[in-house]
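Biologist: I would like to learn how to read the backbone of a protein model. Could you take me through it step by step?

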Amino acid sequence: MTELPSKEARDAVHKTIASCGRIEYQTLGKSILGEPIYLYRVGRGKRNILYASAHHGSEYLTAMHLFSLLLDIAEGSESISGELFDEFSLFFIPCVNPDGVDIALSGFRPSPLYERQLEMSGAENPEKWKANARGVDLNHNYPYGFAEYKAIEAARGTVEGATLYSGEYPVSEPETRAVMRPTLAVDLSLVVSLHSAGEEIFYAPKGQDVGMLADRIAGMLGYKVSTPTGTACFGGLCDYTGYTLGIPSLTLETGRGENPLPISEFFREREVIRQALLTLPTLLPKGDL
Ligand SMILES: [Zn+2]
């Protein structure tokens with residue numbers, strides 16, 4: 001994929017992936033505004049890895065990393081004949097938040113939520129929108145540390161809008177429910193969540209083994225391993241999969257600069273991120289961490 005992941009571009013990519021015969025897919029659910037959220041599966045192995053991207057609208061380059069890998073597999077330029085794909089099944093959710101991506105790419109558009117979006121944003125900076133269509137930050141809507149996060153919200157006066165509002169209750173949003181489906185139905189050995197920016201990696205749960213995995217990948221990418229603080233500690237996908245479910249989980253803050261990053265950041269990092277994503281499963285010990 002070499003163009004920004006607009007609705008039209010996503011639909012075209014999905015068509016190619018869905019019809020290639022090498023990649024299975026299913027629809028996990030629909031966004032608030034009715035956009036499908038797809039799960040793709042590559043590989044035949046018994047050990048399962050989940051990759052997710054574009055939880056945040058303005059971080060749409062992360063979707064391009066997963067879509068471009070899937071597209072190259074679909075078109076045969078990325079091989080799936082190796083050991084990796086015998087041992088592992090790789091699951092991908094490239095666009096967790098299609099409505100947020102559409103706002104960030106195309107601005108506030110007519111929908112039943114249009115007036116509310118203008119109110120929430122002051123009709124300003126749609127390109128910086130991170131939340132879903134009704135102003136919930138999906139990466140604070142997962143069931144881990146919700147009460148603690150609500151206390152931070154209350155102290156800061158956080159309300160519905162472009163970023164940081166966690167929702168009325170945990171898992172209130174259809175996009176969150178969609179992503180949770182494979183985390184509950186599949187025995188996952190690793191979860192990788194792509195965000196931007198900062199060239200850093202967070203990991204969960206705390207522990208030497210997961211920390212070493214983070215160190216190895218940070219070394220490959222030239223990133224640093226960081227410890228989340230404040231709002232970054234609660235309600236994220238990797239907080240939930242790492243701490244609530246006990247699955248080794250990595251959050252990759254890809255790219256440098258301020259969101260939305262220029263498309264040149266995608267091209268600059270495309271190869272090294274792809275290598276990192278395909279190397280990660282092979283770094284897992286034979287048993288579970
Ligand atoms: Zn993010």
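Predicted model: local features only at pLDDT ≥ 70, side-chain atom pairs only at ≥ 80, totals over all residues.

Biologist: Where does Leu-164 lie?

Modeller: Look between two helices: Leu-164 sits in the loop that runs between α6 (146-156) and α7 (174-185).

Biologist: Which value does phi take at Glu-199?

Modeller: Phi of Glu-199 is near 50°, again positive in a residue other than glycine. You will find Glu-199 in the loop between β5 and β6. Try the cut-off on this one: the relative accessibility is 17%, so Glu-199 counts as buried.

Biologist: Now for peptide bonds. Which residue is joined to Ser-196 by a cis peptide bond?

Modeller: The partner is Ala-197, and the angle to read is omega, which is about 5° for this bond. Ala-197 belongs to the loop between β5 (188-196) and β6 (200-204), and Glu-199 is placed in the loop between β5 and β6 too.

Biologist: What is omega for the peptide bond from Asn-259 to Pro-260?

Modeller: Here omega is near -5°, and the bond is cis. To find Pro-260, go to the loop between strand β8 (249-254) and helix α10 (263-283).

Definitions and conventions:
Residues numbered from 1 in each chain as written. Heavy atoms only, no water. Helix = DSSP H or I, 4+ residues; strand = E, 2+ residues; numbered from the N terminus. Buried < 20%, exposed > 50% of the residue type's maximum accessible area, 1.4 Å probe, protein only.
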